[in-house]
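Let's take a walk through a protein chain and look at how charged side chains pair up. Keep the 3D view open as you read.

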Amino acid sequence: MGVRMKNKLYYILFAFYMIGVAFILYINGVFTGEVYSWTNLVINGVFLLIIGVLFVVSAFSFSRLTRCTEELQTVTEQMQDEYDKADGKNLWGSYQNRTNLFQRKELKEAYLKYLMRMQNGRTRRGYVASCDIEEFFNEDLLDKIGMTFFNSGISGTLTGLGILGTFLGLSMGLGSFNGDDIYTISDNVGPLLSGMKVAFHTSVYGIFFSLVFSFVYRKIMADAYGKLDEFLTVFRQCAMPPQVTEEENSSAMLVYQANMANSMKRMLELLQGITAEQTQGVERIVGQVVEHLEDSMGAGLKDLGDTIAAAGQSQTAYANACMELTKAAAKLMESGQKLQKSVAEEMDRQEAFARGLKNQKEEIRTACREMTDEVSNQLYTFEQMRSLYEK
């Protein structure tokens, strides 16, 4: 129940919004039936309408984000229960076929992309591709679901609206203030004060709503990131597919190449033995045939014997060609080993490059946080200076 209340924290925005609207209506005399200035009421109404629209859009994105994070939490608890029931056995055997693990469209698409990537890196000995599930389930995915590109600017927008209302109210008051003597000046004090009311009211609820929204936004995003980290931790522990290390993969390739070399060697020896036996058999047959034919038909068939002997020599030459082919195949396998070594070195360089990109991402994120803090400090300093100026 505590987690659900925290997920629905954006309801606080509308509670404070209703309080702000009631306050503005009260100080403008709507409840008593004596509206002091319709201009002030209209200006405040327009500003509150804009703020209400912004809150509705943000609430829609927060609602979608909380539904996704709640499903992440549900899958995490389900995975942990299944892992405990399986006595600590890896669950990838069943999870690699669960295309309906998630129901939310955003999470389902991310998980299907992860399964597709893992299938591409699968071999008989395991998964050789180094693909972490965080490549698909990360803070960028939650930022997209929660419309961070929109919500991150709401606090500044609300503060800007307050400042805009301040200058608008002062402009209205000063525009209606004129006169050259004390009597005419006293008649214009009312419009001046009315404009200052607009400036004061818009500044108050603009900054107030900005602070409330910033608090709610940070709480919701922190809760979402926490549930994401919990899901990633449990998935890596319970369902991460076993991967073949680079050493195991290299050893398997070496064993395969050694077996291929032995097979080629046996084939070469077999071909040499068969060729020699065939040559000797042909020579014996030729000799016997020639002897019988010479006895019966004369020496005219001697040329036939020479032709058959030449055929035996051709077969010997064919055997030698087979030996040369076998040697060429051995050289090709040696070249394949060198190529595999080059590929392994290239993979190491790519992994180092990926680590460098990740470090740069963290540095950029840190710089963005520092810039955000600096802008907040400047806004706070501006508010303090304006308060001192008004006093």
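Start at Arg365, which is partly exposed, with a relative accessibility of 22%. Its partner is Glu139: the two side chains form a salt bridge, with N and O 3.1 Å apart. Arg365 sits in helix H12 (residues 302-390) and Glu139 in helix H6, so this pair ties together parts of the chain that are 226 residues apart in sequence. Glu139 is partly exposed at 24% relative accessible area. Bear in mind that you're looking at a predicted model.

Now move to the loop between H5 and H6, where you'll find Glu134; its pair with Arg236 in helix H10 (residues 189-238) ties together parts 102 residues apart in sequence. Glu134 counts as partly exposed because its relative accessible area is 35%, between the 20% and 50% cut-offs. Arg236, at 34%, is partly exposed. There's a bit of a group here: salt bridges with shared partners join Asp132, Glu134 and Arg236 into one network.

Next, find Arg117, which makes a salt bridge with Glu135; their closest N and O atoms are 3.2 Å apart. Arg117 belongs to helix H5 (residues 105-120), while Glu135 is in the loop between H5 and helix H6 (139-145), 18 residues apart. Are these two buried or partly exposed? Arg117 is partly exposed at 36% relative accessibility, and Glu135 is partly exposed at 42%.

Notes. Residues numbered from 1 in each chain as written. Predicted model: local features only at pLDDT ≥ 70, side-chain atom pairs only at ≥ 80, totals over all residues. Heavy atoms only, no water. Salt bridge = Lys/Arg side-chain N within 4 Å of Asp/Glu carboxyl O. Helix = DSSP H or I, 4+ residues; strand = E, 2+ residues; numbered from the N terminus. Buried < 20%, exposed > 50% of the residue type's maximum accessible area, 1.4 Å probe, protein only.
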